[in-house]
Amino acid sequence: MGQHTVEPSITAACGFLTAVDSPSHGLFGGYLLVDMAGRPLEFHCTAPLKVSRAQQILYGATLHSHLHGQQIGATLLAEGTLQPQVVLTDLESMLHVRPHTKLPVALVVRRDTPPTASSFYVGTACVSPPSDHPEHASQLRAAIETLVASVDLCEPFERIRAAIEEAQRH
Amino acid sequence: MEDRLSQNPLGFAAPGRMRSWHLAQCPLPVVHVLPAIAPRLFRPAHLRLPIDSATPHVVRVPLIDQRPAVQSYQFRHAPVPPAPWQTIVPPATHVRAGDFSPAPNCASAASCASAADRASAAPKPKRTRILPPRDVVKMGERFFFLLQPNLETILETSHLEFPRQPFPFQFDGMAFLMPRHGAVLADEMGLGKSMQAISSLRLLVRLGEVRRVLVICPKGLVSNWTREIADWAPELLVAVVEGDPQRRRWQWALEDVPVKVANYEVVVRDRELVAELGLSFDLVVIDEAQRIKNRSSHTSQAVRSLSRNRSWALTGTPVENSAEDLVGIFEFVAPGHLSDSMSPRAMGAAAADHVLRRTKDRVLKDLPPRLNRDERIELTAEQRETYRRAEEEGVLRLSKMGQGAAIQHVFELILRLKQICNFDTATGESAKLECLEAELDEIHASGRKSLVFSQWVETIGRLRGKLSRFGALEYHGGMSTAARDEAIERFKNDPRHSVLLLSYGAGAVGLNLQFSQYVFLFDRWWNPAVEDQAINRAHRIGAVGAVTVTRFLSVDTIEERIDEVLRQKRDLSDTILSQAESAPIAGLTQSDLFALFQLVPPQRSAA
C-alpha cells in the first residue's frame, strides 16, 4: 500500500476540513479528500500556526474565525487539486472560509446537537448547509447520499486528527 | 536632577532648575529690599522642566496575514468494484440513500434529546483501524494508512461477503497483516489464523495490492487450505501445484490464477524450476512456519529463495525449542531483523512489531473452557520390573561408554523407557491402557468423541486393536492422504467411531476436530508447543462444550523428569513472546539429556 499520483479524471466525493489546536505546537489545519467509498485521495495539512498573546488580544473574539476561516481554511482549499462536490467541517469557526471559496461548505456536528432550520440528519450526524446559497443544498444532499452509504460523516475528522497527531510526533 | 541652589544661593533665575521657599522657611539670610525696587531685583521664578523630546516607542502588533505552509499528499485510487455479491452489514449506523429525515422541530430540548437517544441507542459498530507498521517511515505512507476508513468499511465497500461473521480479534488480525510486508501471525491454535490470512489476502487482491499469491503448507493440509479458501474467498481462483513434473510446470506457469497452493516438499523439489520460470510473488504465506526454523534445511532455503514482495508466516508455535526457532522464521519474514546473539528480551522487543499473538483466554471469552488434568499412572508390577531393569542396564551401558557416549545413545534409552511406560515389552501389560479404557467406556456411552495422541505409530496400531469396541480409527503419516481423509470423515459423521488415534506428527497440525470433547495424550511429546497443537485440534473455534485434556504420566519414571524440562520450555516461549524478564535456559541441551540419568556429558576434544 503506497503513495502514488492520483489520476486526474477522478472526482473526489467529499472534502473534510478541520483544525487541531496543539498547546505545544500551535494550530494545525487538515483537509482530507475522499472518494465515494471513503478512501483517501488527497491530504493537505498546514505547518503549525502560532498566535502571540498580543495577537490574541488584538483579534479578540474574531481570532478563531480569522485563523480557521481565512488563514487555514482558505489556504487548504486552494491546495486541493481535486474539486470535491462538498466540503464538510466540524468547526463552526471554519465556516468563515465560505467567502474565500466557491465550494459549498457545510457544518457537520453530532446528532445530539440542536440543529438549525435548514439542517438535516444523516446517520449520527446533523448537517447544516450554507443558508445563503440555497443552490448548494441540493448539490450537497446529492453528494452525501452516495457517501453516507459507506462513511459515518463524523469519522473522517478523527482520521485527520490522527494524521496531525502523527505529524506532531515526527 | 542636580540642585543648583548650592551654586546660586539667592535663587536667582538661572539656567537650570529653580527653587523657592516661603520667606519664613528660607535657610539663608534674608535681605529685605524696598518693595519698589524688588521687582527689578527678583524676577519671578519660572519652573522649567524640560520634557524628554525623544520619539515615543511604538509597539507593532503584526496582523495574522501570513498564510501557513502546506504539506500535500496524494494517494493511489483503487476504483470501487461493481457489486456482484451481497454486502455484509455489521451493526452500523450508516444510512443509505432515501433515509434522510429532516430535523424535528427542536423547539424543545426534549424532542432533540429523544432523537439523539434513538440514534445513540443503536449498537456502536466495531471500528478496526489499519495502523502503519513501525518500519514505514515515510510520512506520506504513514498518512496513507492513518487516513484509510476503518477495516469494516473497506470490506463493506469492497463488497466482500463472509460466510460467518468474524470475531473482533480476527478483524484486528487482518488489520495487522494487511499493511505489513513481513508478518508472523502466531495466534494460539484454533483462533483462525488461516481464515485471517485468507481474508487479508483476499482484500489485498480486491484492492489491487497483490496479484500473485503462493500459500505453502504441510502436505496434509493442502486440501484444508483449498477448502478454507473456497469458504472464505470463494471468488479467488486457486491452483494446487502437485502431480508429475510436467503438470507442476504447467501449474507454476499459470498466469490467471491469483492463488497457488503448494506443499513444502513441492517447493523444495521445484526450487530450480521456479527460478527458471522467473516466478515472483506479491505475497507468500507459509503455514506451520516452524517447518523452516532450521535455517540450514533444504526446506528453509527453498522457501527463502522465493522471489516475493510480502512474507507472512503462520504458526502457533513460533518458539518450539529455542529462541533460534524464531530467528529461523524471521529469516523468511524479515531477513536480518533478528540474530542468535540477542537476549530473549531484546528479541521480543525487536520482533514485537512483526509478530501478533493472541491466546484463547484473552480473546475468546465465549470459548468453552479447556480442562487440563494430569493422570499420574502407577506402572503395573511387571512394567515396573521391566522398566527398572532397562533403566539400570541402560545407565550402566552409558557409564561404560564414558567419552564415547553420544546424544543418540541417550535418546535410544529414553525412547525405550517411554515405550515401556506405554506397554510392557515382555508381557504387553499397560497401566495407561487400563486407565484409558475406563475413561473411553464412559465417553463412548455418552455419545461423545475422543482424540488419543501417541508418539509412535506402533503404539497407535496396538491401541486400535485394544480399543476396537469403540470403533477406533487411525490417523498418521504412514497412511495415504485419501485414507486419512476418509478416517476423518468417518470419525466425524459415524457415531460408531468415537475414538480417533493420531500421531503427533500428522495429527497435531491444522486439522479441525472441534467436535471432539476429549483429548488424551497417551505419551508426551518433546515440547509443549506440539502438545498444544494436538490439544487445539479439539479446543478451537466452533468447539461445543468444554474440552477435557488428560495427560498420562507414569510416576517415578523418565516421563516425570521430562515433564519438568517441558515446563521450562513453556516459560521460555512465554518470555520471548511477552517480552518479560529473561527466561532460564532454553531447550534440552546435551547436559539436560545426560542429567536425566544423572550422568555427566562427555567432554568434546578440540578439533
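1. A quick term before anything else: two strands count as paired if DSSP finds at least two bridges between them. With that in hand, take strand S4 (residues 213-217) and S7 of chain B, which pair in the parallel sense over 4 bridges. One bridge there links B:Ile216 to its partner B:Ile286 in S7(B). Please keep in mind throughout that this is a predicted model.

2. Those two strands sit inside an open, parallel-paired sheet of 7 strands in chain B, in the order S5-S6-S4-S7-S8-S3-S9. The edges are taken by strand S5 (238-240) and strand S9 (355-356), each with a single partner strand, so one side of each has no neighbour in the sheet. Helix H12 (residues 323-333) of chain B lies across strand S3 (182-185), S7 and strand S8 (307-314), and runs at about 145° to S8(B).

3. Chain B has another open sheet, this one of 6 strands, again with parallel pairing: S10-S15-S14-S11-S13-S12. Here strand S10 (370-377) and strand S12 (473-475) stand at the edges with a single partner strand each, so each has one side left without a neighbour in the sheet. On average, neighbouring strands of this sheet are turned by 20° against each other, if you ignore direction.

4. Helix H18 (residues 457-466) of chain B touches strand S11 (450-454), S12 and strand S13 (499-503), and its direction makes about 165° with that of S13(B). Helix H19 (residues 481-493) of chain B lies across S12 and S13, at about 135° to S12(B).

5. Which strands pair with S14(B)? On one side there is strand S15 (residues 547-554) of chain B, paired with S14 (residues 518-521) in the parallel sense over 4 bridges. S11(B) also pairs with S14(B) in the parallel sense, over 4 bridges. B:Phe520, for its part, is bridged to B:Thr550 in S15(B).

6. Are the faces of S14(B) covered or open? Side chains in a regular strand alternate between the two faces of the sheet. In S14(B), B:Tyr518 and B:Phe520 lie on one side, B:Val519 and B:Leu521 on the other, and all of them are buried, so both faces are covered.

7. On to a helix pair. H5(B) and helix H6 (residues 193-206) of chain B pack at an angle of about 50°, with their axes 9 Å apart. That angle makes H5(B) oblique to H6(B), and the crossing is right-handed. At the contact, B:Gln170, B:Gly173, B:Met174 and B:Leu177 of H5(B) meet a set from H6(B): B:Met195, B:Gln196, B:Ala197, B:Ser199 and B:Ser200.

8. B:Glu288, in the loop between strand S7 (280-286) and helix H11 (298-304) of chain B, has phi near 50°, a positive value in a residue other than glycine. B:Glu288 counts as buried because 22 C-beta neighbours fall inside 10 Å, against a cut-off of 20 or more. B:Asp556, in the loop between S15 and helix H22 (558-578) of chain B, also has a positive phi, near 55°, and is likewise not a glycine. With 13 C-beta neighbours inside 10 Å, B:Asp556 counts as partly exposed.

9. Then there is B:Arg164, in the loop between helix H4 (151-157) and helix H5 (168-177) of chain B. Is B:Arg164 buried or exposed? B:Arg164 counts as exposed, because there are 11 C-beta neighbours inside 10 Å.

10. Finally, chain A. Its secondary structure comes to 4 helices and 7 strands, following the pattern β-β-β-α-α-β-β-β-β-α-α along the sequence. Of its 170 residues, 49% are buried. Among contacts between residues at least 6 apart in sequence, 58% join residues at least 24 apart.

11. A word on confidence in chain A: the mean pLDDT is 83, and 87% of residues reach 70 or more. Residues 1-9 of chain A are the stretch to watch, as pLDDT there is below 50, although the stretch has 21 contacts in the model beyond near neighbours in sequence. Where pLDDT is low, the predicted coordinates should not be read in detail.

Notes. Residues are numbered from 1 along each chain as its sequence is written. Chains are lettered from A and ligands numbered from 1 in the order in which they are written. This is a predicted model: local features need pLDDT of at least 70, side-chain atom pairs count only at pLDDT 80 or more; totals for chains, interfaces and linings use all residues. A residue is buried if 20 or more other C-beta atoms lie within 10 Å of its own, exposed if 12 or fewer, and partly exposed in between; C-beta atoms are placed from the backbone. Two residues are in contact if their C-beta atoms, placed from the backbone, lie within 7 Å. pLDDT is the predictor's confidence in each residue, from 0 to 100. Axes are lines fitted to C-alpha atoms, for helices over the stretch in contact, and angles run from 0 to 180 degrees between N-to-C directions. Angles under 35 degrees count as roughly parallel, over 145 as roughly antiparallel, 65 to 115 as roughly perpendicular and the rest as oblique. A crossing is left-handed if the near helix is turned anticlockwise from the far one by less than a right angle, and right-handed if clockwise.
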